[in-house]
Structures are given as C-alpha cells and as structure tokens.
Amino acid sequence: MKFEKWILIIIILLAFGWLFYLDFVPGDSFMASYDFCSATSRVTELSPGNRLWPLEKNNNECWQRIGDSPVYFDARTPQKFERAVVTIKFKNPFGQKFQVGPQVVKDEWQWRLQDIAEIKKEGEWSVAILNFDLENIYQNANHMRWLISAPEVLEKKELLAVSEISIRWEKEKLNFSNLGEQIKSYLRKIIR
Amino acid sequence: MISKVINRIFIFSLIFFFVFFALELVKEGFVSNYFDLNIVLAGVIILGLLNLIIKCCHTER
C-alpha cells in the first residue's frame, strides 16, 4: 500500500507540474479560440441569448447572427498579457458600424473598442485582425470580458454574423529579469 | 486479485479527481483550460460501478 501511495503522489505531482507549466505560460503567447461549432473553455459563447439568433451550421462551418447590440463574450487569461491579437471571421455586407474590445475596468462601462474591418477574405467570410494594447486593462480576474458592438443592427435588420473568434495573447517570454513580476501577476489572479 | 486492483484504481482515480477539482475551484481554468476533468469523472463512475458489481458478486458467493 505504501508503494501504491507513492505512485499516486508522484502521478498527482507530475500532472500538477504539467498543468502549472501550461497555465503559467512561460512562453510569449497563448492561444484561445471559439469556432461556434463546439464550446471551449478558453472563449465563451456570445451572450445574452435574446440578442442573438440561434447557432447555424453548414457542413463544417458554424456561425451566429447578431440581432441586437451589444453582445459579450469572456476569454480566459491564465497570466497577465501585454497585447491581444484578435482575429474575427465575420459577415457585414452592408458595412454597418461593427466594433469589438475588452472591458477596461471591472464592473464599469468602459471599453476599448476598435472597428472590425475586413483585411482579407476567406471564402464568403471577411477576416479582421485587430491589435489591442492591454496596458491599463483590468487583468486580475481569470477572465476578461469583451464586447461586440453593432449599434445599427436592430434598426437596420441587416445581416451581421460572426463565425470565428480567436485571440492570441502576447507577453514577454519568461526570463530572470521578469520572473518576479510574472509570478506576482500570476498570484494576483488567485488572490484577488 | 482483479477486484483488488479495480478497487485500488477506483480509489486513486477518485482522489485524483478531487485534488484537481479543488485546484480548478482555487484557480478557474487551471485544469479545464488544458484537460477535460469530466473524462476522469467518467472513469471514476465506471470504476466505481465495476467495483460495486464485483463486490456484490463476491458477497453472493
């Protein structure tokens, strides 16, 4: 029994070490994405449901139409990051105002919005790539709230759909000079 | 022999599940961002049922 007990302890410690390594993000980036086909833990579904059309699916592609504005999603951030590169696949054929951005201060109506503008085409879909500077953005929680704004969508009733949201979180790679700072920011997410 | 092994694996997987469930509660996403803990839970339930069935058979004999 003693031998078995040690095996269990070693397995738990190894699994803990592996998860801690991944969660601490010693590298310079962390990817999170939501393709509207299957739920993921890193980026939530859009909400609230009463402002959105039901999810639609065609072959391997899924998307959701936005019926009213604003809508939100949460993205999990295991560490503190300096930048976020957001890639959105969308349809906005009538060019209405369409923006996305993170919440600046927790529980306050302050958002750093940027226009979702087409950079390239992927089949029928437009793709936008947006760079967000996360300095002065509240990051002590385990997730960051994002807002998608389309103020004209309810009135104009024109097509506005999103098919994929992916976020590449970026920070400085872990080294001796920033070790203390990164440990501190990681602990701040646990002890708030 | 088999019943003993299943019993041990069941207890170990149950402890494993509770340890990592607690870690997930302490830091949201610590486990679920990388690994689906429901897989372990499914294993715990299956092993628990097997354990129960084997024990029942032994008692009947």
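Residues are numbered from 1 along each chain as its sequence is written, while chains are lettered from A and ligands numbered from 1 in the order in which they are written. Because the model is predicted, local features need pLDDT of at least 70 and side-chain atom pairs count only at pLDDT 80 or more, whereas totals for chains, interfaces and linings use all residues.

**View 1. Chain A has three helices and 11 strands.** Helices (H or I, at least four residues) and strands (E, at least two) are DSSP runs, numbered from the N terminus. From that terminus on, the elements follow the order α-β-β-β-β-β-β-β-β-β-β-α-β-α. Taken along the principal axes, the C-alpha atoms of chain A fill a box of roughly 70 × 40 × 30 Å. Two residues are in contact if their C-beta atoms, placed from the backbone, lie within 7 Å. Of the contacts in chain A with a separation of 6 or more, 75% are between residues 24 or more positions apart.

**View 2. The largest nonpolar core holds 33 residues.** A residue is buried if 20 or more other C-beta atoms lie within 10 Å of its own, exposed if 12 or fewer, and partly exposed in between, with C-beta atoms placed from the backbone. A nonpolar core is a set of buried Ala, Val, Leu, Ile, Met, Phe, Trp, Tyr and Cys residues joined through C-beta atoms within 7 Å. The members that touch the most other members are A:V43, A:I66, A:A75, A:A84, A:I88 and A:I167. At least two residues of this core come from each of β1 (29-34), β4 (71-76), β5 (83-91), β10 (143-149) and β11 (161-170) of chain A. In soluble globular proteins, nonpolar side chains tend to be buried together. Buried residues make up 24% of the 192 residues in chain A.

**View 3. Four strands of chain A form an open antiparallel sheet.** Two strands pair if DSSP finds at least two bridges between them. The strand order is β4-β10-β6-β7. Both β4 and β7 (114-115) stand at the edges with a single partner strand each, so one side of each is left without a neighbour in the sheet. The antiparallel pairing of β4(A) with β10(A) runs over six bridges. Within it, A:A75 stands opposite A:M144 in β10(A). Which residues does A:A75 touch, not counting those up to four places away in sequence? They are A:A32, A:R42, A:V43, A:H143, A:M144, A:W146 and A:I167.

**View 4. β3(A) pairs with β2(A) and with β11(A).** The pairing of β2(A) and β3(A) is antiparallel, over three bridges, and A:K57 stands opposite A:C62 in β3(A). Two residues lie between the strands of this hairpin, where A:N59 takes a positive phi near 55°. β3(A) and β11(A) also pair in the antiparallel sense, over two bridges. Here A:Q64 has A:V162 in β11(A) as its bridge partner.

View 5. A:P48 is found in the loop between β1 and β2 (56-58) of chain A. A:P70 is in the loop between β3 (61-65) and β4 of chain A.

**View 6. A:D107 and A:K157 have positive phi values.** Neither is a glycine. Phi of A:D107 is near 60°, and this residue is in the loop between β6 (99-102) and β7 of chain A. Is A:D107 buried or exposed? A:D107 is exposed because 8 other C-beta atoms lie within 10 Å. Phi of A:K157 is near 55°, in the loop between α2 (153-156) and β11 of chain A. A:K157 is exposed, with 9 other C-beta atoms within 10 Å.

**View 7. Chain A touches chain B through 13 residues, in contact with 14 residues of chain B.** On the chain A side, the elements that give two or more residues are α1 (2-24) and α3. α1(A) gives the most, with six residues. By class, this side of chain A has six nonpolar, two polar and five charged residues. Ala, Val, Leu, Ile, Met, Phe, Trp, Tyr, Cys and Pro count as nonpolar, Asp, Glu, Lys and Arg as charged, and the others, Gly among them, as polar.

**View 8. Helix α3 of chain A covers residues 179-190.** The expected span of a helix is 1.5 Å times one less than its number of residues. α3(A) is hardly covered, with one buried residue among its 12.
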